Amino acid sequence: MTSPLRIACVGEALIELIAPSLPGEARLNIAGDTLNAAIYLRRALPEPHRIHFVTALGTDRMSDQMIDFMQAEGVETGGIERREGLRPGLYSISNAPSGERSFGYWRENSAARRMFQTGATCDFSALDGFDVIYMSAISLAILPAPVRASLLEWIAQRRQDGVRFAFDSNYRPTLWEDLETARHTVARAWALCDIALPSVDDEIALFGGGEADVLARFHAYADCKGALKRGQNGPVAINDDGDSAANFPAAEGVVDTTAAGDSFSGGFLGAYLQHGFVADAMAQGHDFATAVVKHPGAIVPRVLWDQLFKRP
(Lines give C-alpha, C1' and ligand atoms only; values in the text may rest on other atoms or scores of the structure.)
Protein backbone atom coordinates (compact mmCIF):
# COMPACT_ATOMS: atom_id res chain seq x y z
CA MET A 1 0.00 0.00 0.00
CA THR A 2 1.17 3.54 -0.75
CA SER A 3 1.97 5.91 2.10
CA PRO A 4 -1.11 7.72 3.46
CA LEU A 5 -2.03 10.68 1.29
CA ARG A 6 -3.60 14.00 2.22
CA ILE A 7 -5.74 15.22 -0.66
CA ALA A 8 -7.43 18.63 -0.96
CA CYS A 9 -10.48 18.98 -3.21
CA VAL A 10 -11.05 22.69 -3.84
CA GLY A 11 -14.27 24.30 -5.01
CA GLU A 12 -17.77 25.45 -4.19
CA ALA A 13 -20.45 23.57 -2.28
CA LEU A 14 -23.93 24.64 -3.31
CA ILE A 15 -27.47 24.25 -2.03
CA GLU A 16 -29.36 22.29 -4.67
CA LEU A 17 -33.10 23.05 -4.92
CA ILE A 18 -35.11 20.45 -6.80
CA ALA A 19 -38.08 22.44 -8.09
CA PRO A 20 -41.41 20.69 -7.55
CA SER A 21 -43.67 19.30 -10.23
CA LEU A 22 -46.47 19.81 -7.69
CA PRO A 23 -46.74 22.44 -4.94
CA GLY A 24 -44.99 21.44 -1.73
CA GLU A 25 -42.63 18.88 -3.27
CA ALA A 26 -39.41 20.93 -3.38
CA ARG A 27 -36.30 19.19 -2.01
CA LEU A 28 -32.94 20.51 -0.86
CA ASN A 29 -29.64 18.69 -1.43
CA ILE A 30 -25.95 19.54 -1.19
CA ALA A 31 -24.07 19.67 -4.48
CA GLY A 32 -20.92 20.86 -6.24
CA ASP A 33 -18.62 19.27 -8.80
CA THR A 34 -15.47 18.95 -6.71
CA LEU A 35 -17.49 18.05 -3.62
CA ASN A 36 -19.13 15.20 -5.53
CA ALA A 37 -15.70 14.06 -6.67
CA ALA A 38 -14.38 14.29 -3.11
CA ILE A 39 -17.14 12.02 -1.83
CA TYR A 40 -16.54 9.39 -4.49
CA LEU A 41 -12.79 9.67 -3.98
CA ARG A 42 -13.38 9.03 -0.28
CA ARG A 43 -15.32 5.90 -1.22
CA ALA A 44 -12.53 4.81 -3.56
CA LEU A 45 -9.59 5.29 -1.20
CA PRO A 46 -9.17 3.18 1.94
CA GLU A 47 -8.11 4.56 5.26
CA PRO A 48 -5.72 6.03 6.32
CA HIS A 49 -5.79 8.28 3.22
CA ARG A 50 -7.47 11.59 4.06
CA ILE A 51 -9.78 13.60 1.81
CA HIS A 52 -10.39 17.25 2.65
CA PHE A 53 -12.80 19.70 1.07
CA VAL A 54 -11.50 23.27 0.88
CA THR A 55 -13.98 26.09 0.33
CA ALA A 56 -15.61 29.03 2.12
CA LEU A 57 -19.05 28.92 3.72
CA GLY A 58 -21.05 31.26 5.89
CA THR A 59 -21.85 31.04 9.58
CA ASP A 60 -25.54 30.31 8.98
CA ARG A 61 -27.39 27.11 9.84
CA MET A 62 -27.39 25.88 6.24
CA SER A 63 -23.61 26.13 6.14
CA ASP A 64 -23.50 24.11 9.36
CA GLN A 65 -25.67 21.44 7.76
CA MET A 66 -23.44 21.32 4.69
CA ILE A 67 -20.43 20.66 6.91
CA ASP A 68 -22.36 17.95 8.76
CA PHE A 69 -23.17 16.33 5.41
CA MET A 70 -19.52 16.31 4.31
CA GLN A 71 -18.35 14.88 7.60
CA ALA A 72 -20.99 12.15 7.44
CA GLU A 73 -19.48 11.16 4.09
CA GLY A 74 -16.01 10.93 5.62
CA VAL A 75 -14.76 14.15 4.00
CA GLU A 76 -12.74 16.35 6.34
CA THR A 77 -13.72 19.98 6.73
CA GLY A 78 -10.93 21.62 8.71
CA GLY A 79 -9.89 23.65 5.67
CA ILE A 80 -13.28 25.33 5.25
CA GLU A 81 -13.29 29.07 5.93
CA ARG A 82 -16.36 30.50 7.70
CA ARG A 83 -17.28 33.96 6.46
CA GLU A 84 -19.47 36.06 8.74
CA GLY A 85 -22.47 37.54 6.96
CA LEU A 86 -22.12 35.38 3.83
CA ARG A 87 -23.98 32.26 2.75
CA PRO A 88 -23.59 29.38 0.31
CA GLY A 89 -24.65 29.71 -3.31
CA LEU A 90 -27.85 28.06 -4.50
CA TYR A 91 -29.07 26.58 -7.73
CA SER A 92 -32.36 25.09 -8.86
CA ILE A 93 -33.20 22.21 -11.16
CA SER A 94 -36.56 21.95 -12.89
CA ASN A 95 -37.86 19.56 -15.51
CA ALA A 96 -40.00 20.46 -18.50
CA PRO A 97 -42.79 18.07 -19.52
CA SER A 98 -40.39 16.72 -22.17
CA GLY A 99 -37.95 15.75 -19.42
CA GLU A 100 -35.43 18.45 -20.39
CA ARG A 101 -33.70 19.90 -17.33
CA SER A 102 -33.11 23.61 -16.79
CA PHE A 103 -30.99 25.32 -14.16
CA GLY A 104 -31.10 28.61 -12.29
CA TYR A 105 -28.17 29.93 -10.23
CA TRP A 106 -27.87 32.33 -7.29
CA ARG A 107 -24.17 32.25 -6.51
CA GLU A 108 -22.90 35.79 -7.22
CA ASN A 109 -22.52 36.57 -3.51
CA SER A 110 -21.61 33.12 -2.23
CA ALA A 111 -18.95 32.77 0.43
CA ALA A 112 -16.88 30.51 -1.85
CA ARG A 113 -16.12 33.46 -4.11
CA ARG A 114 -14.17 35.00 -1.21
CA MET A 115 -12.00 32.01 -0.36
CA PHE A 116 -8.25 32.60 -0.08
CA GLN A 117 -8.79 36.35 0.30
CA THR A 118 -7.59 38.26 3.35
CA GLY A 119 -8.12 41.95 2.78
CA ALA A 120 -6.21 42.86 -0.37
CA THR A 121 -3.91 39.84 -0.18
CA CYS A 122 -4.20 36.13 -0.96
CA ASP A 123 -3.76 33.46 1.68
CA PHE A 124 -3.41 29.88 0.45
CA SER A 125 -2.35 28.42 3.80
CA ALA A 126 -5.49 26.24 3.81
CA LEU A 127 -3.74 24.22 1.08
CA ASP A 128 -0.46 23.74 2.93
CA GLY A 129 0.63 20.20 3.74
CA PHE A 130 -1.32 18.33 1.06
CA ASP A 131 0.17 15.73 -1.25
CA VAL A 132 -2.45 16.22 -3.98
CA ILE A 133 -4.59 19.24 -4.86
CA TYR A 134 -7.64 18.68 -7.05
CA MET A 135 -9.84 21.36 -8.55
CA SER A 136 -11.85 22.17 -11.65
CA ALA A 137 -12.34 25.10 -13.97
CA ILE A 138 -15.38 26.00 -11.85
CA SER A 139 -13.08 26.29 -8.82
CA LEU A 140 -11.06 28.89 -10.73
CA ALA A 141 -13.95 30.65 -12.47
CA ILE A 142 -15.68 31.68 -9.25
CA LEU A 143 -12.57 33.48 -7.99
CA PRO A 144 -11.60 37.06 -8.89
CA ALA A 145 -9.03 37.14 -11.69
CA PRO A 146 -6.07 38.22 -9.49
CA VAL A 147 -6.82 35.46 -6.96
CA ARG A 148 -7.07 32.71 -9.57
CA ALA A 149 -3.80 33.86 -11.18
CA SER A 150 -2.06 33.87 -7.79
CA LEU A 151 -3.48 30.44 -6.97
CA LEU A 152 -2.06 28.92 -10.15
CA GLU A 153 1.33 30.50 -9.43
CA TRP A 154 1.20 29.11 -5.90
CA ILE A 155 0.45 25.65 -7.29
CA ALA A 156 3.35 25.96 -9.74
CA GLN A 157 5.69 26.62 -6.82
CA ARG A 158 4.33 23.74 -4.73
CA ARG A 159 4.73 21.29 -7.60
CA GLN A 160 8.46 21.91 -7.37
CA ASP A 161 8.22 20.47 -3.84
CA GLY A 162 6.47 17.33 -5.06
CA VAL A 163 2.80 18.30 -4.65
CA ARG A 164 0.68 16.79 -7.43
CA PHE A 165 -2.02 18.81 -9.15
CA ALA A 166 -5.14 17.16 -10.61
CA PHE A 167 -7.53 19.19 -12.77
CA ASP A 168 -10.96 18.71 -14.36
CA SER A 169 -12.26 21.01 -17.09
CA ASN A 170 -15.98 21.50 -16.17
CA TYR A 171 -16.27 24.60 -18.36
CA ARG A 172 -19.32 26.75 -17.53
CA PRO A 173 -19.34 29.79 -19.86
CA THR A 174 -21.58 31.97 -17.67
CA LEU A 175 -19.04 31.88 -14.82
CA TRP A 176 -16.27 33.47 -16.90
CA GLU A 177 -15.67 37.04 -17.97
CA ASP A 178 -15.28 35.92 -21.59
CA LEU A 179 -14.13 32.98 -23.68
CA GLU A 180 -10.57 34.23 -24.05
CA THR A 181 -10.10 34.52 -20.27
CA ALA A 182 -11.46 31.03 -19.75
CA ARG A 183 -9.28 29.61 -22.52
CA HIS A 184 -6.11 31.23 -21.18
CA THR A 185 -6.76 30.21 -17.57
CA VAL A 186 -7.69 26.60 -18.34
CA ALA A 187 -4.68 26.23 -20.66
CA ARG A 188 -2.46 27.45 -17.83
CA ALA A 189 -4.00 24.89 -15.48
CA TRP A 190 -3.49 22.05 -17.98
CA ALA A 191 0.15 23.06 -18.41
CA LEU A 192 0.62 22.67 -14.65
CA CYS A 193 -1.35 19.51 -13.99
CA ASP A 194 0.01 16.06 -13.24
CA ILE A 195 -3.34 14.27 -13.54
CA ALA A 196 -5.68 15.50 -16.27
CA LEU A 197 -9.42 14.70 -16.30
CA PRO A 198 -10.90 16.77 -19.15
CA SER A 199 -14.27 16.24 -20.81
CA VAL A 200 -14.23 16.20 -24.60
CA ASP A 201 -17.26 18.51 -24.92
CA ASP A 202 -15.70 21.10 -22.61
CA GLU A 203 -12.40 21.05 -24.45
CA ILE A 204 -14.02 21.45 -27.85
CA ALA A 205 -16.20 24.30 -26.55
CA LEU A 206 -13.11 26.06 -25.20
CA PHE A 207 -10.48 25.37 -27.82
CA GLY A 208 -12.34 24.17 -30.91
CA GLY A 209 -11.38 21.26 -33.14
CA GLY A 210 -12.40 17.67 -32.53
CA GLU A 211 -11.47 14.77 -30.29
CA ALA A 212 -8.23 14.07 -32.15
CA ASP A 213 -7.19 17.70 -31.69
CA VAL A 214 -7.90 17.49 -27.96
CA LEU A 215 -5.72 14.40 -27.57
CA ALA A 216 -2.96 15.96 -29.67
CA ARG A 217 -2.97 19.07 -27.51
CA PHE A 218 -2.66 17.01 -24.33
CA HIS A 219 0.18 15.04 -25.89
CA ALA A 220 2.17 18.29 -25.67
CA TYR A 221 1.76 18.25 -21.88
CA ALA A 222 4.36 15.55 -21.45
CA ASP A 223 4.37 15.63 -17.65
CA CYS A 224 0.70 14.72 -17.19
CA LYS A 225 -1.35 11.56 -17.52
CA GLY A 226 -5.06 11.03 -17.20
CA ALA A 227 -8.23 10.32 -19.13
CA LEU A 228 -10.38 12.16 -21.62
CA LYS A 229 -14.00 11.73 -20.54
CA ARG A 230 -16.33 11.07 -23.48
CA GLY A 231 -19.66 10.27 -21.83
CA GLN A 232 -21.33 7.12 -23.07
CA ASN A 233 -18.42 6.48 -25.46
CA GLY A 234 -16.12 5.77 -22.51
CA PRO A 235 -12.77 7.33 -21.61
CA VAL A 236 -9.56 7.47 -23.62
CA ALA A 237 -6.16 7.54 -21.97
CA ILE A 238 -4.03 10.66 -22.04
CA ASN A 239 -0.31 10.07 -22.57
CA ASP A 240 -0.55 6.37 -21.74
CA ASP A 241 -0.66 3.35 -24.06
CA GLY A 242 -1.78 0.75 -21.54
CA ASP A 243 -5.47 0.79 -22.48
CA SER A 244 -5.33 -0.07 -26.19
CA ALA A 245 -7.65 -3.06 -25.69
CA ALA A 246 -9.96 -1.41 -23.14
CA ASN A 247 -13.69 -1.64 -23.70
CA PHE A 248 -16.12 0.63 -21.86
CA PRO A 249 -19.73 -0.27 -22.66
CA ALA A 250 -22.34 2.45 -22.32
CA ALA A 251 -24.49 2.36 -19.19
CA GLU A 252 -27.95 0.86 -19.49
CA GLY A 253 -31.01 2.04 -17.58
CA VAL A 254 -29.78 5.63 -17.23
CA VAL A 255 -31.94 7.61 -14.78
CA ASP A 256 -29.93 10.79 -14.09
CA THR A 257 -26.56 11.84 -15.50
CA THR A 258 -25.87 14.27 -12.65
CA ALA A 259 -22.32 13.78 -11.30
CA ALA A 260 -21.38 11.21 -13.95
CA GLY A 261 -18.15 13.06 -14.69
CA ASP A 262 -17.51 13.90 -11.04
CA SER A 263 -17.88 10.27 -9.96
CA PHE A 264 -15.57 9.19 -12.79
CA SER A 265 -12.96 11.66 -11.52
CA GLY A 266 -13.28 10.39 -7.94
CA GLY A 267 -13.03 6.77 -9.01
CA PHE A 268 -10.13 7.44 -11.37
CA LEU A 269 -8.14 9.36 -8.77
CA GLY A 270 -8.78 6.72 -6.12
CA ALA A 271 -7.25 4.00 -8.28
CA TYR A 272 -4.51 6.05 -9.90
CA LEU A 273 -3.19 7.51 -6.66
CA GLN A 274 -2.90 4.02 -5.18
CA HIS A 275 -1.38 2.14 -8.10
CA GLY A 276 -0.37 4.57 -10.86
CA PHE A 277 -1.99 2.60 -13.70
CA VAL A 278 -4.13 4.67 -16.06
CA ALA A 279 -6.00 1.67 -17.51
CA ASP A 280 -7.07 0.44 -14.07
CA ALA A 281 -8.02 3.96 -13.03
CA MET A 282 -10.19 4.42 -16.12
CA ALA A 283 -11.93 1.12 -15.44
CA GLN A 284 -12.78 2.16 -11.89
CA GLY A 285 -13.87 5.63 -12.98
CA HIS A 286 -16.15 4.12 -15.61
CA ASP A 287 -17.61 1.68 -13.08
CA PHE A 288 -18.35 4.54 -10.70
CA ALA A 289 -19.98 6.69 -13.39
CA THR A 290 -22.02 3.76 -14.69
CA ALA A 291 -23.37 3.14 -11.19
CA VAL A 292 -24.17 6.80 -10.51
CA VAL A 293 -26.23 7.42 -13.65
CA LYS A 294 -28.59 4.58 -12.74
CA HIS A 295 -29.74 6.44 -9.63
CA PRO A 296 -31.34 9.86 -9.10
CA GLY A 297 -29.17 12.64 -7.74
CA ALA A 298 -25.45 13.22 -7.52
CA ILE A 299 -24.68 11.04 -4.51
CA VAL A 300 -25.77 7.40 -4.37
CA PRO A 301 -26.67 6.56 -0.73
CA ARG A 302 -23.74 4.94 1.03
CA VAL A 303 -25.61 1.77 2.02
CA LEU A 304 -26.60 1.13 -1.58
CA TRP A 305 -23.13 2.03 -2.82
CA ASP A 306 -21.51 -0.53 -0.52
CA GLN A 307 -23.90 -3.17 -1.82
CA LEU A 308 -23.10 -2.28 -5.45
CA PHE A 309 -19.38 -2.54 -4.85
CA LYS A 310 -19.61 -5.41 -2.37
CA ARG A 311 -18.01 -3.64 0.54
CA PRO A 312 -18.63 -4.97 4.05
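Guide: Start with helices and strands. Both are DSSP runs, numbered from the N terminus: a helix is H or I over at least four residues, a strand is E over at least two. This is a predicted model, in which local features need pLDDT of at least 70, side-chain atom pairs count only at pLDDT 80 or more, and totals for chains, interfaces and linings use all residues. Residues are numbered from 1 along each chain as its sequence is written, and side-chain values use heavy atoms, with hydrogens and water left out.

Visitor: Where does phenylalanine 116 sit?

Guide: Phenylalanine 116 is in the loop between β8 (101-106) and β9 (117-118).

Visitor: Is phenylalanine 116 buried or exposed?

Guide: Buried means under 20% relative accessible area, exposed over 50%, and partly exposed in between (1.4 Å probe, protein chains only). Phenylalanine 116 has 1%, so the word is buried.

Visitor: What makes the phi of phenylalanine 116 worth a remark?

Guide: Most residues other than glycine have a negative phi, and most peptide bonds are trans. Phenylalanine 116 is not a glycine, yet its phi is positive, about 70°. Asparagine 170 also has a positive phi, near 45°. Asparagine 170 lies in the loop between β12 and α5. With 6% relative accessibility, asparagine 170 is buried.

Visitor: Which peptide bond is cis?

Guide: The one from glutamate 47 to proline 48, with omega near 10°. Proline 48 is in the loop between α1 and β4 (50-54).

Visitor: How do you know that arginine 43 and glutamate 73 form a salt bridge?

Guide: A salt bridge needs a side-chain nitrogen of Lys or Arg within 4 Å of a carboxyl oxygen of Asp or Glu. Here N to O is 3.1 Å, so the pair passes. The pair links distant parts of the chain, 30 residues apart: arginine 43 is in helix α1 (residues 33-44), and glutamate 73 is in the loop between α2 (61-72) and β6 (81-82). Arginine 43 is buried at 3%. Glutamate 73 is buried too, at 13%.

Visitor: What makes aspartate 168 and lysine 229 a salt bridge?

Guide: Their closest N and O atoms are 2.7 Å apart. That is within the limit, so the label holds. Aspartate 168 has a relative accessible area of 0%, which means buried. Lysine 229, at 8%, is buried as well.

Visitor: How far apart in helix α5 are glutamate 180 and arginine 183?

Guide: Three residues, or about one helical turn. These two form a salt bridge, with the closest N and O atoms 3.3 Å apart. Arginine 183 has 27% relative accessibility, so it counts as partly exposed.

Visitor: How many salt bridges does the structure hold?

Guide: There are 18. Arg42, Glu47, Arg50 and Glu76 are linked in a network of them.

Visitor: Which residues of helix α6 are buried?

Guide: In α6 (residues 200-207) they are Val200, Asp202, Glu203 and Leu206. Down the axis of α6, these residues fall within an arc of 160°, so they line one face of the helix. The arc is taken from the directions that run from the helix axis to the C-beta atoms. The buried residues pack against α5 (179-192), α7 (211-219) and β14 (225-228). Glycine 208 follows α6, and its phi is positive, near 80°.

Visitor: What does alanine 196 touch?

Guide: Contact means heavy atoms within 4.5 Å. Leaving out residues up to four places away in sequence, alanine 196 touches several residues, among them Phe167, Trp190 and Ile238. Alanine 196 is in strand β13 (residues 195-197). At 0% relative accessibility, alanine 196 is buried. The C-alpha atoms of alanine 196 and alanine 166 are 5.9 Å apart, though the two are 30 residues apart along the chain.
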